[in-house]
Amino acid sequence: MKKLSELDFSIVQQCMHCGLCLPHCPTYLETLNEKNSPRGRISLMRQISLGNLELNKNFADEMSYCLGCVSCQANCPAGVDYTTLFETSRSSIEEAGINKNPFRKAIRHLFFRIIFQDLRKLRFLARTLRLFQSLKLDRALLKLQQWHLFPKSLANLVSKAPRIQNHFTHELLREHEKPTQARHKVLLLSGCVQDISYSHVNRDTMEVLVHHDCEVITPAQQHCCGSLHVHNGDAKGAEQLARKNLDMMDSLEGIDAIISNAGGCGSHLKHYDSFLADDQEYAAKARVWSHKVKDIHEWLFSIGIKNLEASPFTNDSPKEKLCYHQACHLCHAQGIKQEPIALLKSMGTHELVPLKEADLCCGSAGIYSLTQPETAQNLKQRKLENIKNSGAQVVAVANPGCHAHLSSSQSSDSQGESMKFVHPVSLYAEQLRKLSKEAN
Amino acid sequence: MTVEKQFSPEALKELKALLGNPKQLLTQKEDLIPYSFDGTATLEKMPVAVAFPHSTEEVAALMKWAIEHKCPIVSRGSGTGLSGGSVPSDPSVVVCLTQLNRILEVDSKNLTLLAESGCITQSIFDAAAEVGLFYPPDPGSMKISTIGGNVAENSGGLRGLKYGVTRDYIMGLEVVMPDASVCWLGNKCVKDVAGYSLKDIFIGSEGTLGIITKVLIKLLPQPASRQTLLATYSKMEDAAATVSAIIEAKIIPCTLEFLDNITINCVEDFTHVGLPRDAAALLLMETDGHPQAVEDEIRAMASLAKIHNATTVQVAKNAEEAQALTTARRSAFSALARVSPTTILEDATVPRSELVKMIRFISEVGEKYSLRIGTFGHMGDGNLHPTFLTDETNHEEMERVEKAMVDIFDYAISLGGTITGEHGVGTAKKAFLPRSIGSIQMRLLRDIKKSLDPHNLLNPGKIFDA
């Protein structure tokens, strides 16, 4: 990846600082300080690339404060490519070693270059964490930390980790699942966090795909997509993962679509083409790949969502209220807003109610809740408040990051626990299973 | 008088102490760079510091400090201005009012709203709408612009034709004067002729006469009904002829917006609302009021459009569709930036009857200097926005832009028009002001400035040199 100083100046120059991004930026709304806004950050990048400002700690802190929700990009009439600016900035900051300290370096290396490079290692760690969680040791750690007997950052890391599932994806579905009459053939990406914490969503995705006449291939050995890496300045680690993912299948011929069910991963997976554009060996395959990656809702919508018939056993009691949280990397980065709602409407099981600020970031943003706990918590509270006011009992959310962040319990917010968070595909699959059970 | 170039650390410490929280003053380079520009292309200057007052008292205290240290003050809101009015002077402290942002009162008995000047225009519109009232001025940036900024620039918007501009809705102002006194101008009375109408001097004063801290706004009842119509044309003249015909038919729609082909395509690239990419021109019309009147007017406008060779005429099916179209129109200026690195937006305005001539002249000027100009604007009120699509790093082209601009201004003036309809003079149009208003008016402006701000502390160098 290029350094900020080498970046094509026209990308920076594309920003005409009109300010129309400001009302869409969660951090600007938090502080009302221009530095914490897209055009403010771009003005700093501009001065850096002109050589008037050095790449320093203040800039690094500011780029760490940015959520990378890219709401600004989605709402920018001038078409500024903020994603590139954001990723280049974070990567330049890491390369310059501005935040370097041995502990941080070790942690980053451990997670980005060892654990998230090899899913077997992640699964091993997950099993350990599962044991921890089942023995409630994670809560104990938090107590120890409160008594200053354990480092805060590590205790936070463990306590904020999502619940680990008893079974991972490959234990819940076969590598090859077929409907009676296949119309399409798709590759299902099981993700990394999704695989260990929301493996049932992968199972549900497979079932919904099969119901839509798709033959589903889910390789047991998969890899993290690398979005975590690229958003945190580790472009090299991300490139390695992109290549590994491209190597997963010898050929993509005959595959109609590559399905992602996690908003955060999907937006990055779709960019492998530009990401590996200079890689002679992989560029061509990356182009095919990017062309075929589809978010699950986007794919179902394009092949035609099948309406589920109302159950004959449904009683007349009022339907449960449901709202939909628009995950940033689904709605802003991929422009997928209506498709998940169409899926939710097709079930006929819930009353869909509007959610205020549905597309405002919830503060999850990858590892933001670890790097910027205060703002992450404020944004979470704001989201939970809006959900509460919507009157919904069930919240549909299509990204594991948002899901984990919003449902994680904190002493200061107990409301997250009483709300039910579900992936839209899981709601659909649930009804599908219910109907088929009744039919039998 | 000479202005001290540098401010001692003690002076800045003193400044910080005037504000409730140390976070209310920014002095670091990385914090100041984002306040070194506004929405205007190519203009930037670093301030010495940025202060965020939370009360009128704090603003007055800042003003006192400025007098003592002979430091110029540049007040600003969200910094979306388009004439460089809130770009810092050198040197200066920026007083940013965005955190002075409470709505203090909605008075539905007197149809007024009292707000602090940092309130976002949209939030004022929303607060009024909540009780069935209506704040009509709607500048393109209303989602983020502040009401104080709107008053200081006397902003217009899409509804100017029927509802006028910001000035028409200001009943009172609280202003911190250049001598740090706090002054109330105006009241809730519909009629008031006690003395000169001083509040009017501050409306459109671009921060050069006082710092506006509170605004008393006049509201209207919400129109019961609204309809939107989109007409496309293969010839620009036909669009202009339709507008003339509508005005001649004694119809005053609330909006009559015009987009040319370049603008249509940029807006469509961004919004995907389905604008016809091959149309030479497009008119977005909106009428509001009593449902029956709206029904009659929209039908009459549609048929006038057809008579004047509109290729398509389409009424928005519902409120969402209408909203999508107006929102798309609001993005026009920024969307034009897709075409070229630098977009320089003008707002030459002429009497409505001269519009066709003006539009033709702009396209001739574009050809004469080999420049790309995207034009859109408020056709119903004669306020056009020819936008140069250029590159600030191309100096030769920028020179041609300057020349083209002079031609357009001169022509607008010769038609009885003005160099700026709603963006203000700031620094961008400062050089053209004398030829637009003449020497006597220039002298009056200077006299007023001198009598109110004798030390030239407020936004010096803007509009004209004192």
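Just after helix α3 of chain A, G51(A) takes a positive phi of about 85 degrees; helices here are DSSP runs of H or I with at least four residues, strands are E runs of at least two, and both are numbered from the N terminus. Please keep in mind that this is a predicted model, in which local features need pLDDT of at least 70, side-chain atom pairs count only at pLDDT 80 or more, and totals for chains, interfaces and linings use all residues. Residues are numbered from 1 along each chain as its sequence is written, while chains are lettered from A and ligands numbered from 1 in the order in which they are written.

Let me stay with α3(A), residues 38-49. The buried residues of α3(A) pack against α1, α4, α5 and α6 of chain A, together with α2 of chain B. For contacts, the C-beta atoms of two residues, placed from the backbone, must lie within 7 Å.

That brings me to the two chains. In total, 27 residues of chain B are in contact with 24 residues of chain A. On the side of chain B that touches chain A, α2 and α12 each supply at least two residues. The residues of that side divide into eleven nonpolar, eleven polar and five charged; Ala, Val, Leu, Ile, Met, Phe, Trp, Tyr, Cys and Pro count as nonpolar, Asp, Glu, Lys and Arg as charged, and the others, Gly among them, as polar.

I turn now to backbone details in the loops. D213(A), which is not a glycine, has a positive phi of about 65 degrees and lies in the loop between α13 and β3 of chain A. With 16 other C-beta atoms within 10 Å, D213(A) is partly exposed. In chain B, N154(B) also has a positive phi, near 50 degrees, and its place is the loop between α5 and α6. N154(B) counts as buried, with 22 C-beta neighbours inside 10 Å.

Finally, the peptide bond from D90(B) to P91(B) is cis, with omega near -10 degrees. P91(B) sits in the loop between β3 and β4 of chain B.

Definitions and conventions. Buried ≥ 20, exposed ≤ 12 C-beta atoms within 10 Å, placed from the backbone.
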